[in-house]
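You asked for a colleague's reading of this model before you go further with it.

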Amino acid sequence: MRSGRSLRAVATQFGVSLGGVTYWVARARGRRLDRVAFANRKPGRASNRSPARLEQRILSTRMALRDKSVLGEYGPDAIRAALQEGRTTQLLPSRTTIYRVLARHGALDGVHRQRRPAPPKGWYLPDLAAGQAELDSFDFIEDLKIAGGPLVDVLTATSLHGALTEAWVMEHSSARAALQALLEHWRREGLPTYAQFDNDTIFQGAHHFADAVGRISRLCLALGVVPVFAPPREPGFQNAIEGFNALWQSKVWQRHHCPDVATLQAVSARYIAAYRAKTATRRESAPRRRSFPKTFKLKLAAPLKGTMIFVRRSDDNGSVNLLGRTFPVDQHWPHRLVRCEVDFTHQRIRYYALRRREPAHQPLLRETTYARPQKPFQGEP
């Protein structure tokens, strides 16, 4: 370089990168070549790193506590307490510093949790996960108090793929009011393949009677919509509707002061319209919904036909609870998720194994006969 050759020519001659030549030329700039240290230098110890003597004391203290401590504790807190004994003036390392020293030397016993990718939306229903079917979720936001007014409940709805949302403000929630809301919604928007609910008696029917099927489930079966009941106390299955519930409460209920039910309904309607406009592109790519039959008339006392689905977790013996009964499934599948398909038309129940780790693998565990008693519907039409 000092004889006048270019950086690129020198780099080509010695087979090194252009940046390498630039680095060494800058390192020797203004100095005699025989006085330049051309050997690679390793980076020195960080200026703020704990002294090596202190790190060794921390490691030896941990080893002594692990072998001799009466409490059997040898974590960062126990090590700091041991280092503090008999020393009043010396500055002690913090808990975080001790933890980093232990981690640097591989002296941690804890095993970090392995994070796996989440399953796709609607993974427990194969055609829903594949984007070939649509699911509407319904839920209640309960006991909202209007200042100087009544307590109100809000029935909310959202579709899994299309984000088709709705909210109905009700002074008195009931299965009959929810049924009218679903009829209104589906007449206007069309029918999905599935309708998902939690296990509230409004949606599922009475829990203290075996083989009870409520009016909401009967409406779904009459329209060819498959009712799906999420498992109790299981995270993930109700994420779509729970997320919309939180959004509605933060953007409508908490932002606006509504003196009466009519005002709250108007504010909610404006928000739903704006939210639908924002998410319109999702509905363009969502699965197509079926048209509502024009001559439909609900007969609650009609014999049940179609399929109901219960997602449940098996107990110690591999059995599941649904429809007020306990059904044995597989003793080798305890405490696992099971999709139970109750086929009223053919009087069968099929049980499929579910695993979040392998969402596409859902083998049939068992198929049993289920002859439901033809009990008359007890509620009023």
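In what order do the nine strands of the open sheet stand, and with what kind of pairing?

1. The model is a predicted one, and the points below should be read with that in mind. Its open sheet runs in the order β3-β2-β1-β4-β5-β6-β9-β10-β11, and the pairing is mixed. At the edges stand β3 (166–170) and β11 (364–369), each of which has a single partner strand, so one side of each is left without a neighbour in the sheet. From one strand to the next the twist averages 20°.

2. Strands of a sheet pair through backbone hydrogen bonds, in either the parallel or the antiparallel sense. For β9 (residues 337–343) and β10 (residues 348–354) the sense is antiparallel, and the pairing extends over seven bridges. Within this pair, Val338 has Ala353 of β10 standing opposite.

3. Helix α7 lies across β1 (135–145), β2 (151–159), β3 and β4 (194–197), and runs at about 150° to β3. Helix α11 (residues 261–278) also packs on the sheet, where it touches β2 and β3, and its direction makes about 175° with that of β3.

4. The largest nonpolar core has 45 residues, of which Phe138, Leu155, Trp186, Phe197, Phe203 and Val342 touch the most other members. Helix α7 (residues 175–189) gives the most to this core, contributing seven residues. If neighbours within four places in sequence are left aside, Trp186 is in contact with Asp136, Phe138, Leu191, Pro192, Ala195, Leu219, Cys220, Leu223, Val225, Arg289 and Phe292. Another core, of 17 residues, lies apart from the largest one, and its members include Ile141, Phe244, Leu264 and Ile272.

5. Helix α3 (residues 52–68) can be followed from one end to the other: its 17 residues reach 24 Å from the first C-alpha to the last, close to the 24 Å expected at 1.5 Å a residue. Its buried residues are Leu54, Glu55, Ile58, Leu59, Thr61, Arg62 and Leu65, and they cover an arc of only 160° around the axis, which puts them on the same side of α3. An α-helix has 3.6 residues a turn, so residues three or four places apart point the same way.

Definitions and conventions. Residues are numbered from 1 along each chain as its sequence is written. This is a predicted model: local features need pLDDT of at least 70, side-chain atom pairs count only at pLDDT 80 or more; totals for chains, interfaces and linings use all residues. Side-chain values use heavy atoms; hydrogens and water are left out. Helices (H or I, at least four residues) and strands (E, at least two) are DSSP runs, numbered from the N terminus. The expected span of a helix is 1.5 Å times one less than its number of residues. Buried means under 20% relative accessible area, exposed over 50%, partly exposed in between (1.4 Å probe, protein chains only). The arc is that of the directions from the helix axis to the C-beta atoms. A nonpolar core is a set of buried Ala, Val, Leu, Ile, Met, Phe, Trp, Tyr and Cys residues joined through side-chain atoms within 4.5 Å. Contact means heavy atoms within 4.5 Å. Two strands pair if DSSP finds at least two bridges between them. Axes are lines fitted to C-alpha atoms, for helices over the stretch in contact, and angles run from 0 to 180 degrees between N-to-C directions.
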